[in-house]
Amino acid sequence: MSSKNVKSTRVESELAGCREEGNWSKILELVEQLSSGKAMLYNLMVGEAKLEMFLEEYPPIESNIAKACSGLTEAKSYLTESISELSTQSGLSIDSHMLLAKLCYACGHYDKAMEHCTEAKLNSIIQTDLQIRNIRILSESFAVKGLCQEKLRPASSSRFKKTEWIEGVIKNYEQAANLGILYLQELDNKENQLMLPSPLGGNAPLITNNNSTSGTGSHSPQPVNMTHSLSILVETAILRLPLLLIESSNYAGAITTFRSILSSCEAHGSHSIRLILTYQFAEFLLRKVSPKYYSLPTQSTPSKKQSSNMRKPKKYNSINMFMPRSEHEEVILLLIISEAMAARNAVLSQSPEFKEARIRAFSLATAIYDLLTFALVLWGQYNMLYESFERAMKFSADDAHVWMQQALCLEAAGRHIKALEVLTQVIYMQPKAIVPCLLAARICYQHLFKMEEGLSWSQEALKREKMHSENLLSRCHLYIGIGAQCMALTSFLKSVKDKYHVLCLESLTKAQQLDPNDHLVYYYLAFYYACLAKVPEATTKVRQALTLNPEHTPSLQLAILLLSAQKKINEAKSLLESSLEDFPDHIGLLFIRARIELQTEASDVALVTAKHMLSMCKASSASNEGSPSIEHTDTRSIFQLYTTELSDKDSIDSLGPARIEQALSEVASSISSLVPQRPVTNTVWHTQQNVWLLLAEIYLSQEQFDSANNCLLEAASIFPLSHHIMFMRGLFHEKRNEFNEAKQCYQNAVTVHPAHLKSLQHLGLMYHYLGSHRLAEKTLRDAAKINPYAPETWYNLGKVLESLGETDSATDSMATALQVEMVCPIMQYTSIPLPFD
């Protein structure tokens, strides 16, 4: 008799261990060893084992209800037989009722499931000491109760009834969430205790967790250890809890719930649910929460006294724990955590058996990266975003969407060369896509001075549009027109210029016919006519552009310059002042004002405007908020704003010299202890440098050489070897009749930028003053090839030819100077940046 009791006790102990491990096949073997007096335990163990084995294969979801009704008949009979008065006294009936509730839910019998939950008296069980397996069953029972309540909505339309029903569902979901996380934590604690060193020496047997992943991402998903994962019922309850609060407009409660679950100490098996919750919480904060609902997280102190009907998991609580100080900080923190978890859980194996897992993990990761892009771009954190996309490449190398996001990130960060390389890959991956081709063309035009490549990308976009239409035909023709115009401006041969002018006009005309309401098409038509000195046609087109978009600042700038070309200075001033009322911080408009004031009014008036511009730049750099002109002008055009008529074609073709200047300036800054180093790519400093150059020119017009020299030193401290500074130094020496020094400065400027028109004009004049008339003639004729509509070039050439005794040629040059002067604007049209919006 004694040996039978010992054997029975041993079998029951093994059964308890197998229940916690989820080893249901072993349980079916062990129950055969139970004595005949353990019929209730036998029925419970067999029913539970058959139920769990079935649900492992067919989870309790609506699509499996029919299979559950036929496949769980045997399990239901065993569990029903395990309920009796004697089993109620021993406590076994409670487990039976909770398991039957889950079984009925799987079969779609929600009323019966609720009855079994009521019979189990779930709230009273929490007050007792529970084994790990009982915690899991109890969490599932609360989840089943909440899910059934959601299915069985109250028939009454009473607001009170509805509120009571929602509160009941939420209460059950909260219990399920707390107990589910507590179950995983207790399971981890048990494993940690088993892994402690043995008192007899050596280590305890190692229990491996097959659901773990490496720190750098899984190469393939491992088989799920069911004891180390939450039931699908509990996971559904956890995910439904905050969403139900949001649906009931309890936003503060949803925030508290998200934080409560995520602040629980992490355990094996909770990674996937935490990943989804961090993503959902971040998305909720970004999309739904207004400031009146949001409150900063607080560090709660652990309470020694715990509610008798609520068992909560352990929370992270440390003095050094990071606490977000704003809503945006919390959003970015959540998304960074999500991104790290998504990268860790990525499936790298390309085996067909892991295809579904790979697609599922990648879809979630892509959604997280999209949300991270939205959050970081709001704060200009492009470098951080780029690092995230670099990490994503290890599992998304074949996804064009991630490549495209990375290209846009690089473009926004100002890394245009790398952005073009990535866009090239996107174009290769998407042979029918048109937008990547247009973006590549824009980068080539706007930033990289690769006009020919940009034109080829535009033509490729047109080719794709004709084969696979995306309603971008007008935009393709527009980009071709822009590229052709840029090629015409940067070409020296007349035949090449004429060829591109024809292509430009044809493309822009087609774009206008396809989309007559696009203000950009009219702007570029006006720009085309303006560059050919066809002022009336250009004026007509720019007025049409302003009719379509009155706030288009490049069109406003072009209209002002066209008025100045027609010598309608008062009208130009009136339009300029009204534009500045709408855009008071627009640097381009302020430069035009200073130029008009310098040529038509006293230089003191222009000096006031220039000092105002300088104070704006200094305020922007001090507050680190970026240049005041960022909102309205192109970054590269500000760098190229040339204070003596903004340097003719610099906004089109000076990127190559700009790179040389940047490299030389970095070297000069590093070797000179007198020159403070500046971030040469910063728009604020570029703008400030050009304002200093403008001030230097104004002081030179007043013959205040000391002040002008100080301004040049300030400009040189930002960008020491800019050809603009070299030219201005030459002008400084020229004003002081130091022609040799002036000639050397102009030669240096031309060396850095061979097509710099102003340097060529003044260099030719210095050759003339120094007696090198033929060299002066050649230099000025080169300048005329670059821009035949510059009157200063023809006037200086006439003076040189007159000194050479070529009277007729000199007369023709002077006459040409008078002719082009009649249509010459106060600043060159090409000083306006290329707009794309």
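This is a short tour of a predicted model, stop by stop.

**Before you start**

Residues are numbered from 1 along each chain as its sequence is written.

**The whole chain**

Show the chain as a cartoon. It holds 40 helices and zero strands. Helices (H or I, at least four residues) and strands (E, at least two) are DSSP runs, numbered from the N terminus. Of the 837 residues, 52% are buried. Buried means under 20% relative accessible area, exposed over 50%, and partly exposed in between (1.4 Å probe, protein chains only). Now look at contacts, meaning heavy atoms within 4.5 Å. Among those with a separation of 6 or more, 67% join residues 24 or more positions apart.

**Colour by confidence**

Next, colour by pLDDT, the predictor's confidence in each residue, from 0 to 100. The chain mean is 82, and 84% of the residues reach 70 or more. Select residues 198-220. Here pLDDT stays under 50, and the model has 40 contacts beyond four places in sequence. Then select 222-226. That stretch also stays under 50, with eight such contacts. Where pLDDT is low, the predicted coordinates should not be read in detail.

**Helix α13**

Select residues 251-262, which form α13. The twelve residues reach 17 Å from first C-alpha to last, close to the 16 Å expected at 1.5 Å a residue. The expected span is 1.5 Å times one less than the number of residues. Among the buried ones are Tyr251, Phe258 and Arg259.

**Aromatic pairs**

Show the rings. The whole structure has 14 aromatic pairs. Rings of Phe, Tyr and Trp (its six-membered ring) pair if their centres lie within 6.5 Å; planes under 30 degrees apart count as stacked, over 60 as edge-to-face and the rest as tilted. Zoom in on Phe258 and Phe284. Their pair is tilted, at 6.3 Å centre to centre and 35° between the planes. Phe258 is in α13 and Phe284 in α14 (residues 271-287), 26 residues apart. Both Phe258 and Phe284 are buried.

Now go to Tyr479 and Phe836. Their ring centres are 5.5 Å apart with planes at 55°, so this pair is tilted. Tyr479 is in α22 (residues 473-490) and Phe836 in the segment after α40 (807-821), so the pair ties together parts 357 residues apart in sequence. Tyr479 and Phe836 are both buried.

**Charges over rings**

A charge sits over a ring if NZ of Lys or CZ of Arg is within 6 Å of the ring centre and within 35 degrees of the ring normal. Select Arg415 and Tyr386. The charged end of Arg415 sits over the Tyr386 ring, 4.5 Å from its centre. Then try Arg736, which lies over the face of Phe705 at 5.6 Å from the ring centre.

**Two annotated repeats**

Residues 519-552 are 79% helix and 0% strand, with end C-alpha atoms 8 Å apart. Inside that stretch, find Ala533 in the loop between α24 (519-531) and α25 (535-548). Its phi is near 65°, a positive value in a residue other than glycine.

**Last stop**

Finish at Lys121, in the loop between α8 (110-120) and α9 (122-125). Phi of Lys121 is near 50°. Lys121 is exposed, with a relative accessible area of 58%.

How values were computed
Predicted model: local features only at pLDDT ≥ 70, side-chain atom pairs only at ≥ 80, totals over all residues. Heavy atoms only, no water.
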